[in-house]
Amino acid sequence: MGHLDHAAFGWLTPVLSYAMACIGAALGLRCTVRALGATGRSRRNWLITAASAIGTGIWTMHFVAMLGFAVSGTDIRYDVPLTVLSLLVAMVVVCAGVFAVGYGRDRTRALLVGGLTTGLGVASMHYLGMAAVRLHGEVTYDLTLVALSVLIAVVAATAALWAALNIRSPAAVTVASLVMGAAVSSMHYTGMLAVGVRVTPSGAALPGATAMQFIFPLAVGLGSYLFLTSAFVALSPPTGEREASASAQQSPDGATPRPRARTA
C-alpha cells in the first residue's frame, strides 16, 4: 500500500479549500434570500446565481484540497473530461436542489427532496473527481467511510437549503456559511480517508494532466468568479430597496401621487 498524504503542502490546501467552500456557501445563501424575495425572471436568475455559486464553491473546495493529495511511489494525473464532468454534475444537481426550494409550494417536502438530490449530487461530484485520478496502482475504498461521506453530504446539503429558507440577517448567514463550509470539508476528507492505494511501480507515462497544469488554473478561475459575483451581490440593492427607490422616483416627495379630483 502506498502512503497517502492529504496535505502535502501543510495547512495551505485545507485552509484555502475551506475558505472556498465558505465563500460559495455565503454567496449561495445570499442569492437564495434575494430569490425568495423576488418574482418572475428575477427569482430564476437569482436561483441560477445561487446554484452556480454553491456548485462552484464545492467543486473548487474539492480540487484545491486535491492539490495537497500525494501518494508515495507514484505520480498523479487527472483525466480532463471526467474532471470537467464532475464540475458540471455539481452545478446541475445543486441547481435542481435550489430550484426545488425556490419554487416548491410544500416547503418541508421541497427541503427533503432538494437536500437529498443536492447531497447525492455533491457526493457524485466527489467520487467522479476521484475516478479522474490516474496513478500507477489501484485505488480502493472503505465502503463504510464512503457511506458516511454520502450521509454527511446529504445532511450538509439539507442544512444549507434549510438555512436558505430560514436565515435572513447577514450575521446569521455568515455563521451558517462557516458551518456549511466545515460540513463540506468534512465530507471531502471523510471520503479521502476511505481511499487506499495499492501502488504498482512503473516507469510508464501516465495519461492526463497534472494538478498544476489543469486543476490549479481552473480553480483560480472559478475562485475569481466567486469573488467577482460576491462583489456584484454586495453592490446590488435588495428587492425592497429597488421598489422603494422606484416609488420615490414617481413622486418628488416620495409619496404616491393622488389622482386629481374632477371639476364639473
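**Reading one residue, then the whole**

Modeller: Start with a single residue. Gly196 counts as buried, because its relative accessibility is 9%. Gly196 sits in strand S6. Keep in mind that this is a predicted model.

Biologist: How many helices and strands does the protein chain have?

Modeller: Eight helices and six strands. Read from the N terminus, the order is β-α-α-β-β-α-α-β-β-α-α-β-α-α.

Biologist: How far should I trust the coordinates?

Modeller: Look at pLDDT. Where it is low, the predicted coordinates should not be read in detail. Here the chain has a mean pLDDT of 81, and 88% of its residues reach 70 or more.

Biologist: Over which residues does pLDDT stay under 50?

Modeller: Over residues 240-249. For that stretch the model has five contacts beyond four places in sequence.

Biologist: Now the inside. What should I look for?

Modeller: Look for nonpolar side chains. In soluble globular proteins, they tend to be buried together. In this chain of 264 residues, 46% count as buried. The largest nonpolar core has 53 residues. Met66, Phe69, Tyr78 and Val98 have the most contacts inside that core.

Biologist: Which helix gives the largest share of this core?

Modeller: Helix H2, residues 40-66, with twelve residues. A separate core has nine residues, including Ala160, Ala164, Ile167 and Ala176.

Biologist: What does Phe69 touch, leaving aside neighbours within four places in sequence?

Modeller: Phe69 is in contact with Leu4, Asp5, His6, Ile76, Tyr78 and Met192.

Biologist: Let me try a residue in helix H2. Is Arg43 buried or exposed?

Modeller: Arg43 is in helix H2. Arg43 counts as buried, because its relative accessibility is 19% and the cut-off for buried is under 20%. Now list its partners, not counting residues up to four places away in sequence. Arg43 touches Ala35, Leu36, Ala38, Gly102 and Tyr103.

Biologist: Then where is Tyr103?

Modeller: In helix H3. Tyr103 is partly exposed, with a relative accessible area of 43%. Leaving aside neighbours within four places in sequence, Tyr103 is in contact with Gly40, Arg43, Arg44 and Leu47. Compare sequence with space. Tyr103 and Ala35 are 68 residues apart along the chain, yet their C-alpha atoms are separated by 9.9 Å.

Biologist: How do I read charged pairs?

Modeller: Find the two side chains. Then ask which elements hold them. A search of the whole structure finds two salt bridges. One of them joins Arg134 and Asp79, with the closest N and O atoms 3.7 Å apart.

Biologist: Why does that pair tie together parts that are 55 residues apart in sequence?

Modeller: Because Arg134 lies in strand S4 (residues 133-135), while Asp79 lies in the loop between strand S3 (76-78) and helix H3 (80-103). Both ends are partly exposed: Arg134 has 26% relative accessibility, and Asp79 has 21%.

Biologist: And which residue forms a salt bridge with Arg198?

Modeller: Glu138, at 3.9 Å from N to O. Arg198 is in strand S6 (residues 195-199) and Glu138 is in strand S5 (residues 137-141), so this pair links parts 60 residues apart in sequence. Arg198 is partly exposed at 43%, and Glu138 is partly exposed at 45%.

Biologist: Last, the outside. What makes up the surface?

Modeller: Start with the total. The accessible surface of the chain comes to about 13300 Å², and 66% of it belongs to carbon and sulfur atoms. Then look for patches. Phe9, Leu12, Leu16, Met212, Phe216 and Val220 form a nonpolar patch on the surface. Together they have about 580 Å² of accessible area.

Biologist: Which helices each supply at least two residues of the nonpolar patch?

Modeller: Helix H1 (12-36) and helix H7 (211-235). H7 gives the most, with three residues. Val220 is in helix H7. Val220 is partly exposed, with a relative accessible area of 41%.

Definitions and conventions. Residues numbered from 1 in each chain as written. Predicted model: local features only at pLDDT ≥ 70, side-chain atom pairs only at ≥ 80, totals over all residues. Heavy atoms only, no water. Core = buried A, V, L, I, M, F, W, Y, C linked by side-chain atoms within 4.5 Å. Buried < 20%, exposed > 50% of the residue type's maximum accessible area, 1.4 Å probe, protein only. Helix = DSSP H or I, 4+ residues; strand = E, 2+ residues; numbered from the N terminus. Contact = heavy atoms within 4.5 Å. Patch = residues over 30% accessible without salt bridge, like charges linked within 9 Å, V, L, I, M, F, W, Y side chains within 5 Å. Areas by Shrake-Rupley, 256 points an atom, 1.4 Å probe, with all protein chains shown as cover. Salt bridge = Lys/Arg side-chain N within 4 Å of Asp/Glu carboxyl O. pLDDT = per-residue confidence, 0-100.
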